[in-house]
Amino acid sequence: QTAFAQNLVPNPSFEDYTSCPDNQCQIHRATGWLAFGYSPDYFTTCGQYDVASVPKNIHGHQVPATGNAYGGFFAMTDTTIFPNNNIREYMGIQLLTPLIIGNKYIVSFKVSLIDKARIAVNKIGVLFSTVSYFMDSTTACTNNATSLLPKNFAHVYTSNIISDTVNWTTISGTFTADSAYQYVAIGNHFVDSLTSNIVINSGNCCAAYYFVDDIYVAEDTTTSV
């Protein structure tokens, strides 16, 4: 028999919001979620039509994996157009309770490549932290600043290139906490030279951008009977 504990991620499918998004760069309008690097986006049914709405928005068309909303982030820009740029967007949130050192945790989330992506990449994953990388949304949007830089490490990530623009792809894994982590950050935590990519639409420009939904972090309470 398998049992999973409570999800430690609040607002895991971005359903709760403080106000409807009316532009890009507004992940902070999803309750609890913050920009940890550059300017991740928030999309929901009440969002500005054709910009921050679902299922149709500025990046294409996608139905949420769950509910009425999802987030979005740039995982990498095309190195043939922006060589060595290492542009990354990260969205983060504080967990309901800190992780317990020595305990094993299950992590999963879903992503979907946007219709307008030029490239698809791997290494999309989750990094846990004891500190917040929160960056004021105005700073992120106007200055393209970032407080979280690629660390070439993530606690859970995919080695497969995610190129599906129609379906949601689940990324999952387990790890044992070595610190009392309180925050989780989603994105590509590896630099360009360590990220594989393929061009899937040479007519588009200029990046790999993914919608994200259904983030799950819970203690592994699996038992065998």
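**Disulfide and nonpolar cores: group meeting presentation**

Good morning. I begin with the disulfide, which joins Cys-20 to Cys-46 with an S to S separation of 2.0 Å. Please bear in mind that what we are viewing is a predicted model. A search of the whole structure finds 1 disulfide. The torsion about the S-S bond is -110°, and the link of Cys-20 and Cys-46 is left-handed.

What does this link connect in the chain? Cys-20 belongs to the segment before strand E1 (34-37), while Cys-46 sits in the loop between strand E2 (41-44) and strand E3 (56-57), so the pair ties together parts that are 26 residues apart in sequence.

In soluble globular proteins, nonpolar side chains tend to be buried together. In this model, the largest nonpolar core comprises 49 residues, and the members that touch the most others are Phe-14, Trp-33, Leu-99, Phe-128 and Tyr-210. Strand E14, spanning residues 207-219, gives the most to this core, with 7 residues.

Let us take Phe-14 as an example. Leaving aside residues up to four places away in sequence, Phe-14 touches, among others, Ile-27, Ala-30, Trp-33, Tyr-42 and Met-91. Its contacts also include Val-212, Asp-213 and Ile-215.

Finally, there is a second, separate core of 7 residues, including Tyr-90, Leu-127, Tyr-183 and Ala-185. Thank you.

How values were computed: Residues are numbered from 1 along each chain as its sequence is written. This is a predicted model: local features need pLDDT of at least 70, side-chain atom pairs count only at pLDDT 80 or more; totals for chains, interfaces and linings use all residues. Side-chain values use heavy atoms; hydrogens and water are left out. A nonpolar core is a set of buried Ala, Val, Leu, Ile, Met, Phe, Trp, Tyr and Cys residues joined through side-chain atoms within 4.5 Å. Buried means under 20% relative accessible area, exposed over 50%, partly exposed in between (1.4 Å probe, protein chains only). Helices (H or I, at least four residues) and strands (E, at least two) are DSSP runs, numbered from the N terminus. Contact means heavy atoms within 4.5 Å. A disulfide is a pair of cysteine sulfur atoms within 2.5 Å.
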